[in-house]
Amino acid sequence: MRRWGSTRRTGPTGREGRRLRRVTVAVACAAACAALTAVPAQAHGPQPAEGEQRVPHWAVKDTGAPDVRFRGLAAVSRDTAWVAGTFGTVLRTTDGGRTWRDVSPPGAGELQFRDVEAFDARRAVVLAIGEGEDSRVYRTDDGGTTWTETFRNPDARAFYDCLTFFDPRHGLAMSDPVDGKFRILSTRDGGRSWTVLPDTGMPPALEGEAGFAASGQCLVSSGPRDVWLATGGAARARVLHSADRGRTWTVTDTAIPAGDPARGVFALAFRDRHHGLAVGGDFTPGSPSPDAAARTTDGGRTWRPAAGDPPAYRSGVAWLPHSRTAALAVGPTGTDLTTDGGRTWRTVDTGSYDTVDCTPDRGCWAAGQKGRVARLEQ
């Protein structure tokens, strides 16, 4: 989502001990979207025979990390992407996924990386989640050859879930509520240093409300100042919006079901400061997730439910590049496509992915469990 483009766990929530209780676009986007609607289930199967029409599909790349679950993904271009996941793992490719370099920070094997934000092939920031000192931020300026730990959470009550950057210098990280309000961490030097923002402009959190560290998309930005924060786990699933880089916030209810620690809004995507998508549901395996998608055309002041929803919980969402109406949503049971701005969704793949990200040069990537990373190809 580049806008200028025990805590050792595998589930998608923040304080899980408490909460579990309680495509690639073709040269003309229109052509690509039309082709995507024809993608059959399990589309990353055999290549089509000679003479058959090729359609965009997820092409799985061998990362060499079958035991890692990648919930952090930063797509820089069609060739370059970073993924971050369990066991303190960070991988990088610069050749479209043909080869991957293990660039994990030294000594991070006990950490759970859930978000990565990359500025290019050399500069990236990763977030480790967890209570207290398990929440950490690292930055690299040399492609992962060396890392600097730039933040270690000193407050046992805080649990950081997601990162976002407005540009290569200005960014935010969010923590679950502390003293009844979400906590926001700010950087003005590209993640080299961080400051906790005052909470006077933050609305009170609901009882049990928190963010979901499921895909690195519970905190997203668009443009130089606008940022949105997704919540769940409480009586209502809400989206908070700030137009001043996190100093003051407004909050709006969504139609996505909540009322349980496993339900709410898991991911957001904004193609500009007005048009956004929200996906989520109930992450409990086998649980139904009706009304798991919503859309806004007014910057998050109001949210309308989709008329045709994804069939199950979705944890990641991304707009297709150069399109005003097409987007992908991913989750453990499949990938869905919308071609009407989030009004309706259609399943186009049944592979398991946790997060998705697209770039202006026709690159869309997805990542998930068992070391799965894929690029949308035709």
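This is a predicted model: local features need pLDDT of at least 70, side-chain atom pairs count only at pLDDT 80 or more; totals for chains, interfaces and linings use all residues.

Colleague: What percentage of the 378 residues is buried?
Modeller: A residue counts as buried when its relative accessible area is under 20%. By that cut-off, the buried share of the 378 residues in the chain is 63%.

Colleague: In which order do the strands of the open sheet of four strands lie?
Modeller: The pairing in this sheet is antiparallel, and strand 22 (316–319) and strand 25 (346–349) are the edge strands, each pairing on one side only. From one strand to the next, the twist averages 30 degrees. Read across the open sheet, the order is 22-23-24-25.

Colleague: Which residue in strand 24 is the bridge partner of Ala327?
Modeller: Strand 23 (residues 327–331) and strand 24 (residues 334–338) run antiparallel and are joined by five bridges. For Ala327, the bridge partner in strand 24 is Thr338.

Colleague: Is Ala230 buried or exposed?
Modeller: Ala230 has its place in strand 15 (residues 226–230), and among the residues that Ala230 touches, leaving aside those up to four places away in sequence, are Ala210, Val265 and Leu268. Because its relative accessibility is 0%, Ala230 counts as buried.

Colleague: What distance separates the C-alpha atoms of Ala230 and Cys218?
Modeller: Cys218 is one of the residues that Ala230 touches, although the two are 12 residues apart along the chain. Their C-alpha atoms are separated by 4.9 Å.

Terms used: Residues are numbered from 1 along each chain as its sequence is written. Side-chain values use heavy atoms; hydrogens and water are left out. Two strands pair if DSSP finds at least two bridges between them. Helices (H or I, at least four residues) and strands (E, at least two) are DSSP runs, numbered from the N terminus. Axes are lines fitted to C-alpha atoms, for helices over the stretch in contact, and angles run from 0 to 180 degrees between N-to-C directions. Buried means under 20% relative accessible area, exposed over 50%, partly exposed in between (1.4 Å probe, protein chains only). Contact means heavy atoms within 4.5 Å.
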